[in-house]
Amino acid sequence: MTTPLSDFEHVKAASRFLRGGIAEGLADPVTGAIGEDDGKLLKFHGSYQQDDRDLRDERRRQKLEPAYSFMLRARLPGGVVTPAQWLVFDCIAREHANGTLRITTRQTFQWHGIIKRKLKPTIAAIHHALATTIAACGDVVRNVVSTANPVESPAHAITYAWAAKLSEDLAPKTRAYHEIWLDGEQLVGQHAADRPEAEPLYGATYLPRKFKIGLAIPPLNDVDVFAQDLGLIAIIEQGELQGFNVAVGGGMGATHNDATTYPRLADVIGFVTPGQLYAVAETAVAVQRDWGNRSERKHARLKYTLDHRGLDAFVAELQSRLGFALQPPRPFRFDHNGDRYGWIEGHDGRWHLTLHIESGRLADVGERRALTGLRELALVHTGDFRLTCNQNLIVANVEAADRARIDAIVEAHGLDGYRRQSAIRRHAVACVALPTCGLAMAESERYLPALLPKLEAALERHGLADAPILLRLSGCPNGCSRPYLGEIALVGRGPGRYDLRLGADFSGQRLNQVYRENVDEAAILEALDPLFARYAAGRTQGEGFGDFLLRTGILAPVSPRRIPATVVA
Amino acid sequence: MNAAVAPELPATTLDAAKVAQLAQLTEGLTPAELYWVAAWSAAKAAQAQRAGASARPAVGAEPSQRLTIVYGSQTGNAKRLAEQLARRSSDAGLPVRLLRADAYPQRELAQERYLAVVISTQGEGEPPDDARGFVEFIAGKRAPKLPSLQFGVLGLGDSSYPQFCAIGRQLDARLAELGGTRFASLGEADVDIETIATPWLDTALERAREGLKTATPVARVTPLHAVSKQAAHSREQPFAATVLANQRIVARDSERDVRHIELSLEGSGLHYQPGDALGVWPRNPPALVAQWLEALQLDGEREVAHQGRTLSLARWLGAEREITQLSRPFVKTLAELGKHADLLDLLRPEQSARLAALLTRDQPIDLLRRYPVRWQPEALLAALRPLTPRLYSIASSPKAVGEEVHLTVAVVDYEAHGSAHWGAASTFLAAADEDGRVPVFIESNERFRLPADPARDIIMIGPGTGVAPFRAFVQERQESGATGRNWLFFGNRHFAQDFLYQTEWQDALKRGALHRLDLAFSRDDVRDVARESALSKSPHTDVRDVARESALSKSPHTDVRDVARESHKIYVQDRLRENGAELYAWLEGGAHLYVCGDSAHMAKDVHAALIELAAAHGGLSPDDAKAWLDDLLQQGRYARDVY
């Protein structure tokens with residue numbers, strides 16, 4: 001490649017397997033921050049340096065540095081959390097973070113507002129709870145997600161086991177994590193200190209960009225499998241897991257006003273047996289490691305590699321390295337990409353309760369004491385908890401006899417909103433955005449509670465109170481809330497201004513399109529109202545809002561964008 | 001060290017032509033330039049004297065013919081009064097010399113004939129830093145017999161402390177014991193200094209004139225630093241400085257309010273150096289005046305005559321009288337007026353500690369409410385001290401900020417006895433609008449100066465708003481290209497909220513204007529201790545137990561956390577100890593050490609820590625370590641600006 005490497009490639013190369021100057025930066029008492037390059041390396045350890053953007057200007061005038069703190073993200077494959085872990089995570093939220101737990105769209109927990117000197121004890125506490133934060137962020141394989149709601153329990157268990165294995169085995173092998181956060185301590189031995197340090201898969205510069213893997217069990221596409229770099233669709237026949245359809249090249253991130261960046265859905269390229277799965281995943285990562293763009297980070301995701309080199313070339317390279325060909329994809333069908341609220345009985349007579357958690361934020365606010373309620377649950381629950389990619393929560397594996405007790409706790413803490421909330425509220429997803437996210441251009445999570453009543457009122461007026469419409473809010477175009485798969489999506493452009501996007505389907509298989517660009521709330525509501533009217537009048541039985549808009553020609557189908565060859569070296 | 005000048009010309013041997021020439025040469029010079037000419041002439045004369053005894057001019061004053069004024073001053077009040085006495089003596093034609101106590105040549109004491117001492121007492125009966133040697137010498141065995149000495153001592157103190165004016169009393173008694181005769185009896189000035197000081201100075205001047213009237217009037221000019229102080233504006237004639245900025249510099253959730261105030265000195269003719277203080281004449285908080293009028297059941301519009309002036313009562317209370325600080329005389333008047341037995345009891349000498357506690361804890365408004373009395377306005381004004389200016393260590397260097405002066409002001413504003421309480425000057429400054437005016441003057445502090453040698457290292461210990469002069473020091477050293485290293489110790493409650501001038505220190509570290517910065521945040525590290533306990537259990541502990549325990553430990557009956565809090569607070573003195581070896585090495589390498597801030601606890605704890613680290617790292621016995629530190633004080637390498 002003739003184009004020079006991006007600056008961060010040099011930082012990674014010089015970082016001695018992700019050490020950099022993190023330890024020194026943590027020890028510097030003069031600032032609550034760490035150095036800029038170290039901040040980027042820190043992501044590999046599961047943390048983003050942030051600051052309270054509400055206070056930034058005020059503190060500048062006060063001759064104080066920004067109110068720096070750290071977002072810490074756990075890596076919880078498949079979103080499974082034991083009650084014992086939950087209690088530790090809850091304790092961290094209360095004592096080291098801002099008093100909240102945040103369920104992310106990648107099925108894990110985030111803590112916000114951890115100040116620098118609390119970072120190390122917090123990571124150590126997570127480690128002691130037999131969880132980790134390494135590779136929750138960074139240019140590596142991130143938390144591997146899998147369908148949370150156990151419909152076919154035996155297959156679900158196997159799929160989850162695969163998620164856990166991929167997450168664990170594809171994690172970085174550097175000892176830097178133990179060295180920096182755990183004083184070299186090892187709780188579960190994986191890297192003996194006397195072995196020479198190496199990253200057999202990643203090498204010294206890791207991947208060009210993040211790499212997301214998700215496993216879906218049809219008919220639920222709750223993980224949005226086509227938004228993953230590597231999406232795996234479980235094929236279950238007669239209750240037996242046969243293997244996985246493999247989809248590659250999904251990704252949500254884009255940049256405003258840059259046509260060379262775009263959201264893309266993954267392409268299904270074949271079928272593999274469970275025995276082939278690990279090799280396929282590892283090799284797909286390796287090809288992206290070698291082929292991905294290391295000069296321009298905004299073109300570094302696998303989706304651009306595929307569009308630049310050609311999907312066929314990628315598949316050929318993959319099969320060549322594997323030494324075997326993928327089988328033709330098997331048929332599958334997704335019903336929807338949301339969660340199934342309320343109690344569901346599993347095959348073994350155990351019960352699973354899905355609760356709606358608005359924006360995934362567990363906090364105690366007034367009557368709604370979600371954080372405390374979940375702690376109370378964790379103290380009595382004998383099963384486990386599942387976080388979903390829609391920021392919700394499943395109290396899983398409950399004995400039938402325990403249901404009443406669980407329900408009582410749920411109700412007492414205002415966690416039973418799923419019973420009566422409007423459909424659009426139950427299908428809303430919002431990213432964190434302001435004040436902590438450094439990328440946010442507009443409000444998202446904080447705006448949702450103000451926006452929802454207005455949409456609800458409009459839908460009510462048109463007799464659409466029960467219409468389940470996927471609503472996704474994002475403070476920026478990077479797409480943590482997978483906004484490009486929302487039937488209605490707002491993507492932040494600036495304070496109070498959004499792109500209004502419409503037309504995705506209800507199962508995560510069609511991207512939406514811009515309907516109004518850079519508009520404020522009044523314009524958004526004004527644009528939606530007549531569409532709601534037409535939808536109410538003309539929808540067919542069970543027809544989704546996005547499907548309706550396309551069927552009736554209100555929106556024209558758009559062909560997927562592809563990166564022009566000229567912009568990728 | 002300082003100036004004492006005679007504006008009236010003495011007889012001279014110069015002929016008329018020379019006088020005319022001099023007049024021509026000096027025409028149009030500013031006062032400052034004229035003082036420089038005087039200093040230059042004095043230096044020439046001194047040179048000529050050294051060159052040969054025969055050249056000694058007839059105007060040289062013999063010890064017997066002159067008044068020597070010695071001062072020991074911590075906050076500048078004693079110095080100001082001593083200067084005032086010197087100026088008035090000179091104006092009266094008396095030969096006079098003015099010396100800071102540590103510049104007093106001890107061997108000359110035996111020859112001294114007229115000696116006036118103005119000296120303050122610190123905290124619990126300590127002399128000011130610049131007078132330690134002087135006080136020790138006079139108290140010690142080596143002090144000469146002084147049968148022909150006429151002397152007068154003016155002590156300054158604060159009657160809320162048990163050891164009120166102890167140093168003044170001690171010197172007065174000892175000089176008499178050595179054979180001296182008082183030309184003025186001991187003056188003991190309280191916080192309302194002028195009440196006692198003004199008559200004492202009048203008496204001292206009168207007696208000195210009587211004693212020295214036969215002597216030839218002579219000017220002795222030793223103007224060094226003080227020349228610039230002869231500006232148009234002074235304590236008595238403050239400059240109305242325009243407020244350029246009034247910025248809170250602690251975070252919104254800080255427990256305290258601290259302001260960075262920038263004032264313009266443009267056109268004032270005022271000059272200052274890093275280390276100096278700015279005097280501020282405050283107005284009392286209008287809300288407090290309203291509280292007083294309500295508690296007194298008096299009309300603020302009512303005109304009241306007192307000490308020859310007639311003003312409205314509200315004006316007297318708002319602008320002329322001290323109403324935020326309690327004094328003994330006020331308590332006494334109140335007790336007698338209302339015949340309050342418990343207050344009367346408190347005034348007995350045995351109860352001085354309890355009285356002192358009351359005087360520090362409460363404000364006059366609290367007593368007015370607690371002990372209602374029908375006050376006559378005139379009696380009230382007589383019982384109250386005149387309002388005095390407050391001194392703030394200057395937080396800027398003119399080299400960096402030009403004709404501005406910056407202050408770091410902790411706003412005193414708290415709830416007590418169920419109502420709001422305020423500090424006078426800090427509330428006044430905090431309420432100052434940009435473009436508003438604040439009456440100010442410069443109070444120079446020669447004891448708190450950067451080393452003359454720019455290659456010397458300096459160590460600055462300034463927790464809280466004590467950091468103010470060090471902002472000035474670092475600016476000055478940066479602007480003047482000083483090559484010595486600068487090491488700052490700063491402390492406060494919380495890192496995130498109370499790190500005063502954080503971004504400036506970060507910049508200074510990056511630029512190399514500050515070489516080391518050690519920090520102590522007393523309330524942060526505490527919390528760590530309490531919180532780690534819940535999360536740092538061994539992996540084998542059942543986390544459910546921990547969670548239950550953690551929930552339980554929030555109960556009011558468990559105070560394990562409070563215990564942890566008490567014992568793990570980290571202060572600057574702890575950082576001094578941690579860095580003891582290096583600190584000692586810096587000091588042994590000639591570094592100058594500065595302490596600014598709270599005198600009640602911090603300065604003492606720092607002092608003790610310094611003695612400890614000298615013992616630990618210099619291998620000194622406790623006594624030798626003390627002597628080592630005293631020596632640093634004597635050398636002027638350990639300077640304190642504490643309050």
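## Helix α9 against helix α11, chain A

In this predicted model, A:A279, A:V280, A:T283, A:A284, A:A286, A:V287, A:R289, A:D290 and A:W291 of α9(A) meet A:A313, A:F314, A:E317, A:L318, A:R321 and A:L322 of α11(A). Contact means heavy atoms within 4.5 Å. The residues of this contact split into 10 nonpolar, 1 polar and 4 charged.

Helix α9 covers residues 274-291 of chain A and helix α11 residues 311-322. They pack at about 120°, axes 10 Å apart. That angle makes α9(A) oblique to α11(A); oblique is what remains after under 35 degrees (roughly parallel), over 145 (roughly antiparallel) and 65 to 115 (roughly perpendicular).

## Helix α5, chain B

Helix α5 of chain B has 12 residues, 166-177. The expected span is 1.5 Å times one less than the number of residues.

The buried residues of α5(B) are B:A166, B:I167, B:G168, B:L171, B:D172, B:R174 and B:L175. Buried means under 20% relative accessible area (1.4 Å probe, protein chains only). These residues pack against β3 (114-120), α4 (132-139), β4 (150-156) and β5 (181-189) of chain B. Just after α5(B), B:G179 takes a positive phi of about 110°.

## Chain B overall

Chain B has 25 helices and 20 strands. Both are DSSP runs: helices H or I, at least four residues; strands E, at least two. Of its 643 residues, 52% count as buried.

## Basis

Residues are numbered from 1 along each chain as its sequence is written, and chains are lettered from A in the order written. Local features need pLDDT of at least 70, and side-chain atom pairs 80 or more, while totals for chains, interfaces and linings use all residues; side-chain values use heavy atoms, without hydrogens and water.

Notes. Axes fitted to C-alpha atoms, helices over the stretch in contact; angles between N-to-C directions. Nonpolar A, V, L, I, M, F, W, Y, C, P; charged D, E, K, R; others polar. Buried < 20%, exposed > 50% of the residue type's maximum accessible area, 1.4 Å probe, protein only.
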